[in-house]
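Here is a short briefing on a few local features, written for someone who likes to know the cut-offs. Have a look at the structure first, and then read on.

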Amino acid sequence: MCGIVGYIGSRDATPIISAGLKRLEYRGYDSAGLAVIENRHIEVRRDAGKLSRLEALLAEQPIHGPIGIGHTRWATHGEPSARNAHPHLGAKGDVVVVHNGIVENFAALKEELAAEGAVFRSDTDTEVIVHLVERYLDAGADLPSAARQAIRLLKGAHGIVLLSSREPDKIVAARVGNAGGVVIGVGDGEMFVASDIPAILEHTRRMAFLESGQVAIIRRDGFDVTTLDGKPLDVEVHNVAWDPVAAEKGEYTHFMLKEIHEQVRSITDTIGDRVDFPAGRIVLPTLALTAEAAQRIRRIIITACGTAAHAGMVGKILIERIARVPVEVDIASEFRYRDPLVDDETVVLAISQSGETADTLAAMEEGRRRGATLWSIVNVLGSQAMRLADGTITMQVGPEIGVASTKAFTAPLVDLYMLAILLADLRRAPGETERRRMVADLRRLPDLVSNCLDRAPAVESVARALKDASHCLYLGRGIQMPIAYEGALKLKEISYIHAEAYPAGEMKHGPIALVDKTMPIVALAPKDPWYEKTISQVEQAKARGGVVVAVATDGDELLPRLADLILWVPETPWRLSPVTTVIPLQLLAYQIAVMRGADVDQPRNLAKSVTVE
Ligand code: F6R
């Protein structure tokens, strides 16, 4: 989705903003632009297409100045074009705005402003914001107050950053609802603002995060925050622990490949100090869960989107089997409109890498309205899903830049496993010996992941065999069923091969009709409690001429006789096996996409953080 970067200080804003926008490329966009105050005059450069087009434009018509804002746009209202790209200038050319989100009442506002004489030069909803700010500036308000008055009229969710050459000593930034974050970076005699941490991480780790309904007035030596009514607020500055180097590609050709290979480290960090190995116990202090509260829980609803929802499906099996608490998995965009049955004995657990996915946040808010306890599993520190929740477990994976989620899929699997063990312990579920064994199994996991990654070269021959397929079927059963969904999602989103996933037992109820020699089948069949049942489905597919690729446990003697190709994984305790079986599928999708010449890190039509409904 759209990205925002702003700078105020004594350096030249243009290269700082351009570099920041480059770091947000992964979010997905189709046009880009930048505005700088140069000698008390606002200069704008913007164009459709990738940032390289904007860079070429800036090389032809350079602009320089110590204050500026930039934007990468993912079109919602109006096609991707230079005239619709942000920033948008007001009629007099002395106010300029960039915006994430949708102005839901823009048609009515546009009509009202046009009647007052405003001339619109784009098809965007955003342009009404700048005309509104101009209206209040012309009536005598200062910039912060004009911005607040304008924003109060907007319906919908927004991240807004604006500046004016009438008051060239400040940037105004605001957040309303869940259209993505607004992060303020505190430097030494300079300040930054952005929609996401990686955009400004190379300059500072001291950051403040705006909540919904907050407006920041950012000057080169500091910032103030108010409500939309102008009431001053105290906002904490955090020290963000992310490593700026982690946001670089390094020796890897793509962020996705780098992030797949980072999983030994990310799993190690996610286990971190949350396991007391000698005591055989899990410690999750940020969840703030007491034994009494754990015993009151009657039901957990896991809500998430896409890959995060697949992690939730694994979580359901783990929590139900280990802690014996009923769990439902609800796709966030469905949950909020279904009039769900939720009460104060329900926990709504949101899983989100970005912590800013609009549907997931709305599902959390729905849960809150109905009295549920809110938990979240998030990666981005300070994100809205973290702030909304009563308790959080963080994924410790660092920035995930590749649009296709990989390390932020395996980390929540570990978080959910630890949560299940903690819940079982606090609810006094029987099985002390079993608990100690499950805790001890975590110690082996980073090595098992490393072992899977060492086998990356073996995935290549399977990728070569599948790269020209038009369709592909993924099958899994029990705890591997969500991994089939995840494998299929990875393949379709980055290689554009149509891939479907089914619970293996469902094959005979319809999908088997599709099977012939042109339809490869990827079957997840590690040695787990569902192994035999999965094998019988593989046999049925093979009998109908399907080309079968099996994910199998080292030493399996049956599958090499049944399957055409094998992706071997090391023997892993079954409750943790999704962490190892998904790795060859991540690598398979990656290698096929590369072989097909696809843009792996920024697949078409996709955005990293989906901040619109
Ligand atoms: C797929 C993918 C998406 C995200 C989904 C939720 O590879 O990354 O399906 O998982 O958009 O995003 P978060 O986790 O940020 O809420």
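**Strand pairing around β8**
- A hairpin of 6 residues links strand β7 (residues 158–164) to strand β8 (residues 171–176); strands here are DSSP E runs of at least two residues, helices are H or I runs of at least four, and both are numbered from the N terminus.
- β7 and β8 run antiparallel and are joined by 5 bridges, where pairing requires that DSSP finds at least two bridges between two strands.
- H158 sits opposite V176 of β8.
- β8 also pairs with strand β12 (residues 214–219), antiparallel over 5 bridges, and V172 has I217 as its bridge partner there.

**Model and numbering**
- This is a predicted model, in which local features need pLDDT of at least 70 and side-chain atom pairs count only at pLDDT 80 or more, while totals for chains, interfaces and linings use all residues.
- Residues are numbered from 1 along each chain as its sequence is written, and side-chain values use heavy atoms, leaving out hydrogens and water.

**Burial of β8**
- In β8, 6 of its 6 residues are buried (under 20% relative accessible area, 1.4 Å probe, protein chains only).
- Both faces are covered, with I171, A173 and R175 on one side and V172, A174 and V176 on the other.

**Helices α7 and α13**
- Helix α7 (residues 263–271) packs against helix α13 (residues 407–426) at about 30°, with axes 9 Å apart.
- That angle makes the two helices roughly parallel (under 35 degrees).
- Q263, S266, I267, T270 and I271 of α7 meet K407, T410, A411, V414, D415 and M418 of α13, contact being heavy atoms within 4.5 Å.

Notes: Axes fitted to C-alpha atoms, helices over the stretch in contact; angles between N-to-C directions. Parallel < 35°, antiparallel > 145°, perpendicular 65-115°, else oblique. Buried < 20%, exposed > 50% of the residue type's maximum accessible area, 1.4 Å probe, protein only.
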